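Student: I am new to this structure. Please pick one part and take me through it closely.

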Amino acid sequence: MIIVLFRSKLTGQAGDDYKAMAAEMLARARTMPGFVDFKSFQAEDGERLSVIHWESEETLRAWSDDLRHAVAQRQGRQSWYEYFRVEVAEVTRSYGFDRPK
(Lines give C-alpha, C1' and ligand atoms only; values in the text may rest on other atoms or scores of the structure.)
Protein backbone atom coordinates (compact mmCIF):
# COMPACT_ATOMS: atom_id res chain seq x y z
CA MET A 1 0.00 0.00 0.00
CA ILE A 2 1.23 3.48 -0.93
CA ILE A 3 0.11 6.66 0.83
CA VAL A 4 0.34 10.13 -0.68
CA LEU A 5 0.20 13.19 1.56
CA PHE A 6 -0.63 16.29 -0.49
CA ARG A 7 -0.32 19.55 1.47
CA SER A 8 -1.39 22.73 -0.29
CA LYS A 9 -2.63 26.26 0.07
CA LEU A 10 -4.85 27.85 -2.57
CA THR A 11 -4.49 31.29 -4.08
CA GLY A 12 -7.35 33.76 -4.41
CA GLN A 13 -7.58 32.73 -8.09
CA ALA A 14 -8.76 29.23 -7.20
CA GLY A 15 -12.48 29.61 -7.80
CA ASP A 16 -15.18 27.59 -9.49
CA ASP A 17 -12.76 26.37 -12.17
CA TYR A 18 -10.57 24.87 -9.44
CA LYS A 19 -13.54 23.23 -7.72
CA ALA A 20 -14.71 21.71 -11.00
CA MET A 21 -11.26 20.35 -11.81
CA ALA A 22 -10.78 18.98 -8.28
CA ALA A 23 -14.11 17.14 -8.53
CA GLU A 24 -13.18 15.81 -11.97
CA MET A 25 -9.77 14.61 -10.73
CA LEU A 26 -11.26 12.79 -7.74
CA ALA A 27 -13.90 11.14 -9.91
CA ARG A 28 -11.22 10.16 -12.42
CA ALA A 29 -8.85 8.81 -9.74
CA ARG A 30 -11.65 6.67 -8.32
CA THR A 31 -11.94 4.90 -11.69
CA MET A 32 -8.23 4.09 -11.84
CA PRO A 33 -7.12 0.55 -11.01
CA GLY A 34 -5.43 0.54 -7.61
CA PHE A 35 -7.15 3.59 -6.15
CA VAL A 36 -8.13 2.84 -2.55
CA ASP A 37 -9.20 5.97 -0.66
CA PHE A 38 -9.16 9.77 -0.48
CA LYS A 39 -9.70 12.09 2.49
CA SER A 40 -9.14 15.82 2.73
CA PHE A 41 -8.82 18.18 5.70
CA GLN A 42 -8.28 21.91 6.13
CA ALA A 43 -6.38 23.68 8.91
CA GLU A 44 -7.36 27.03 10.42
CA ASP A 45 -4.60 28.79 8.43
CA GLY A 46 -6.05 27.53 5.15
CA GLU A 47 -3.52 24.79 4.51
CA ARG A 48 -5.17 21.65 3.20
CA LEU A 49 -4.08 18.05 3.58
CA SER A 50 -5.25 15.31 1.25
CA VAL A 51 -4.46 11.70 2.14
CA ILE A 52 -4.65 9.30 -0.79
CA HIS A 53 -4.08 5.53 -0.68
CA TRP A 54 -3.04 3.46 -3.71
CA GLU A 55 -2.55 -0.30 -3.87
CA SER A 56 1.00 -0.07 -5.26
CA GLU A 57 3.71 2.14 -6.67
CA GLU A 58 2.71 0.96 -10.16
CA THR A 59 -0.92 2.07 -9.77
CA LEU A 60 0.20 5.43 -8.39
CA ARG A 61 2.58 5.80 -11.34
CA ALA A 62 -0.32 5.23 -13.76
CA TRP A 63 -2.17 8.10 -12.05
CA SER A 64 0.94 10.28 -12.23
CA ASP A 65 1.15 9.59 -15.97
CA ASP A 66 -2.54 10.36 -16.65
CA LEU A 67 -2.75 13.13 -19.27
CA ARG A 68 -5.76 14.90 -17.77
CA HIS A 69 -4.05 14.85 -14.37
CA ALA A 70 -1.05 16.55 -16.02
CA VAL A 71 -3.35 19.33 -17.29
CA ALA A 72 -4.70 19.84 -13.76
CA GLN A 73 -1.17 19.94 -12.32
CA ARG A 74 -0.09 22.53 -14.87
CA GLN A 75 -3.11 24.74 -14.12
CA GLY A 76 -2.47 24.32 -10.39
CA ARG A 77 1.08 25.61 -10.72
CA GLN A 78 -0.02 28.49 -12.96
CA SER A 79 -2.83 29.87 -10.85
CA TRP A 80 -4.48 27.74 -8.15
CA TYR A 81 -1.75 26.93 -5.63
CA GLU A 82 0.19 29.30 -3.45
CA TYR A 83 2.27 26.20 -2.69
CA PHE A 84 2.02 22.44 -2.47
CA ARG A 85 4.11 19.64 -1.01
CA VAL A 86 3.83 15.95 -1.86
CA GLU A 87 5.11 13.08 0.26
CA VAL A 88 4.85 9.48 -0.95
CA ALA A 89 5.48 6.58 1.41
CA GLU A 90 5.01 2.85 1.57
CA VAL A 91 2.77 1.66 4.39
CA THR A 92 4.73 -0.92 6.35
CA ARG A 93 2.07 -1.62 8.95
CA SER A 94 -1.63 -0.89 9.23
CA TYR A 95 -4.13 -1.89 11.88
CA GLY A 96 -7.30 -0.55 13.42
CA PHE A 97 -10.37 -1.11 15.54
CA ASP A 98 -14.07 -0.90 14.76
CA ARG A 99 -16.56 -0.92 17.62
CA PRO A 100 -19.21 -3.60 17.06
CA LYS A 101 -22.67 -2.19 16.48
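**A close look at one strand and what surrounds it**

Tutor: Start with Val88. Setting aside residues up to four places away in sequence, Val88 touches Ile2, Ile3, Val4, Glu57 and Leu60. Keep in mind that this is a predicted model. Val88 sits in strand β4. Is Val88 buried, partly exposed or exposed? Its relative accessible area is 45%, so Val88 is partly exposed; the cut-offs are under 20% for buried and over 50% for exposed.

Four strands form an open sheet in the order β2-β3-β1-β4, and the pairing is antiparallel. Strands β2 (35–42) and β4 are the edges, each pairing on one side only. On average, neighbouring strands are turned by 15° against each other, direction ignored. The partner of β4 is β1, in the antiparallel sense, over nine bridges. Within this pair, Phe6 stands opposite Val86 in β4.

Stay with β1 for a moment. Ser8 lies in this strand. Its relative accessibility is 1%, so Ser8 counts as buried. Which residues are in contact with Ser8, leaving aside neighbours within four places in sequence? They are Gly46, Glu47, Arg48, Tyr81, Tyr83 and Phe84.

Next, look at the helices on the sheet. Helix α3 lies across β1 and β4 and runs at about 140° to β4. It has 14 residues, 67–80, and should span 20 Å at 1.5 Å a residue. Its end C-alpha atoms are 18 Å apart, which agrees. At the start of α3, a side-chain oxygen of Asp66 comes to within 3.2 Å of the backbone nitrogen of Arg68.

Which residues of α3 are buried? They are His69, Ala72, Gly76, Ser79 and Trp80. These residues cover an arc of only 120° around the axis, so they are on the same side of α3. What covers them includes β1 (2–10), α1 (16–31), α2 (57–64) and β4 (81–90). The face turned away from that buried side carries the exposed residues Leu67, Arg77 and Gln78.

Helix α1 has 16 residues. From first C-alpha to last it reaches 23 Å, close to the 22 Å expected at 1.5 Å a residue. Its buried residues are Tyr18, Met21, Met25 and Ala29. They cover an arc of only 70° around the axis, so they share the same side of α1. The cover over them includes β1, β2, β3, α2, α3 and β4. On the face turned away from the buried side, α1 carries the exposed residues Asp16, Lys19, Arg30 and Thr31.

Helix α2 is where Thr59 is found. Thr59 has a relative accessible area of 15%, so Thr59 is buried. Apart from neighbours within four places in sequence, Thr59 is in contact with Pro33, Gly34 and Trp54.

As an edge strand, β4 pairs on one side only. Its pairing with β1 runs over nine bridges. Val88 in β4 touches Glu57 and Leu60, among others.

Key:
Residues numbered from 1 in each chain as written. Predicted model: local features only at pLDDT ≥ 70, side-chain atom pairs only at ≥ 80, totals over all residues. Heavy atoms only, no water. Helix = DSSP H or I, 4+ residues; strand = E, 2+ residues; numbered from the N terminus. Expected span 1.5 Å × (residues − 1). Buried < 20%, exposed > 50% of the residue type's maximum accessible area, 1.4 Å probe, protein only. Arc of directions from axis to C-beta. Contact = heavy atoms within 4.5 Å. Polar contact = N/O pair within 3.5 Å; in protein donor to acceptor, adjacent residues only side chain to side chain. Pairing = 2+ DSSP bridges. Axes fitted to C-alpha atoms, helices over the stretch in contact; angles between N-to-C directions.
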